[in-house]
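Here are a few notes for someone opening this structure for the first time. Please keep the view at hand while reading.

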Amino acid sequence: VGCIVVAEDGSWGFGATRYGNPVAALINEHIGPLLAGENCMATEYLWDMMARMTSPYGAMGLASYAISAVDHALWDLKGKILRRPVFELLGGPARDKIDCYATGNDTDWQMELGFKATKLACPYGPADGVAGVDGNEELVARTRALIGPRVELMLDCWMAFDVEFTVRLAERLRPYGLRWIEDCLPPDDSEGWSVLRRRLPWQTLATGEHWYTPAPFLQSAVRRDVDIFQPDIAWVGGVTATVKICHFAEAAGIAVIPHAAMNSPFGQHVCFAMPNIPLGEYFMGTAPGVPLQEVTPFAGMAVPKDGVLVPRGGPGFGLDLTLSDLERLKV
């Protein structure tokens, strides 16, 4: 879903998210008409308006996707009006470059591209029993042997486990030095993370890509049951929501590593500016051998090179898009 906001002088900004027509309907029929005529520079105020206007049916879920798209477009417009990149509006660069890790199971291709950290998709779950634990260990062991001891290795479970299977697997994988285990439990099982924290005090735990709005992150920060927050900038409520999460996570001593942030200019600019984002995730959505520059979703977007990335520095999010380009993208 693409979203365009237009100022009275004709300046415009572009944002994007997922889930097609339902999200577009929320923007076109509810959020957009209520924002018309407001000050486009007041991004905090407008985000608060969107959160409140969607609260009768819940600002989480599809509404959060819609808010994200509008928020991105507003930040892009703000940067264009001020003629500055969004990362400067967020406080300026917090680093010279973003260290990136790759997600996907074509590990040899990722190493060839120069990544110094990689995350595997976990192929087996509780329904596979002992064979599932064995199969996951075989994958991790094979990958660790391929990359050696100095490349970071993580495991993504994508909401597929329960507490018992997670504990059994984590104990088995302890010798392989995983930097973290991610998204083990369904996103609504908040108490499950507290149980995991007690049963796996030594294991770094990460989650949050399927949490919406800053609220569940704040609740988790109070409990201190997760070590790394992983909001998706295009799902959680946009740049504004992600910055809020970064601020209270920093106060709680919790790192933020947004989900797939290196796959969009929105994520790249936030990661460049926020001090407590130590890594950027790049999801490998192509076959080995295909240059990363050939598969960017937006023209002119930066991609990792030798495992690092520097965002484009043009006004807004630095995208090389015209309104005519966007018109041709309509489906």
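Which elements do the buried residues of α11 pack against? The model is a predicted one.

1. The buried residues of α11 pack against β2 (12–16), α3 (62–82), α4 (86–89), β3 (98–103), α10 (238–252) and β11 (308–309). Helix α11 itself spans residues 265–273 and is mostly covered, with nine of its nine residues buried. Among them are P265, F266, V270 and F272. G267, Q268 and H269 are buried too.

2. Next, strand β1, residues 2–6. Its side chains alternate. C3 and V5 point to one face and are buried.

3. β1 pairs with β2. The two strands run antiparallel, joined by five bridges. G2 stands opposite A16 in β2. Five residues lie between the strands of this hairpin, and G10 takes a positive phi near 95 degrees.

4. Now the helix pair α1 (residues 20–35) and α2 (residues 43–53). Their axes come within 11 Å and cross at roughly 140 degrees. The crossing is right-handed.

5. What meets at this crossing? From α1 come H30, I31, L34 and L35; from α2 come L46, M49, M50 and M53. By class, the contact has seven nonpolar residues, one polar and no charged ones.

How values were computed. Residues numbered from 1 in each chain as written. Predicted model: local features only at pLDDT ≥ 70, side-chain atom pairs only at ≥ 80, totals over all residues. Heavy atoms only, no water. Axes fitted to C-alpha atoms, helices over the stretch in contact; angles between N-to-C directions. Helix = DSSP H or I, 4+ residues; strand = E, 2+ residues; numbered from the N terminus. Left-handed = near helix turned anticlockwise from the far one by under 90°. Contact = heavy atoms within 4.5 Å. Nonpolar A, V, L, I, M, F, W, Y, C, P; charged D, E, K, R; others polar. Buried < 20%, exposed > 50% of the residue type's maximum accessible area, 1.4 Å probe, protein only. Pairing = 2+ DSSP bridges.
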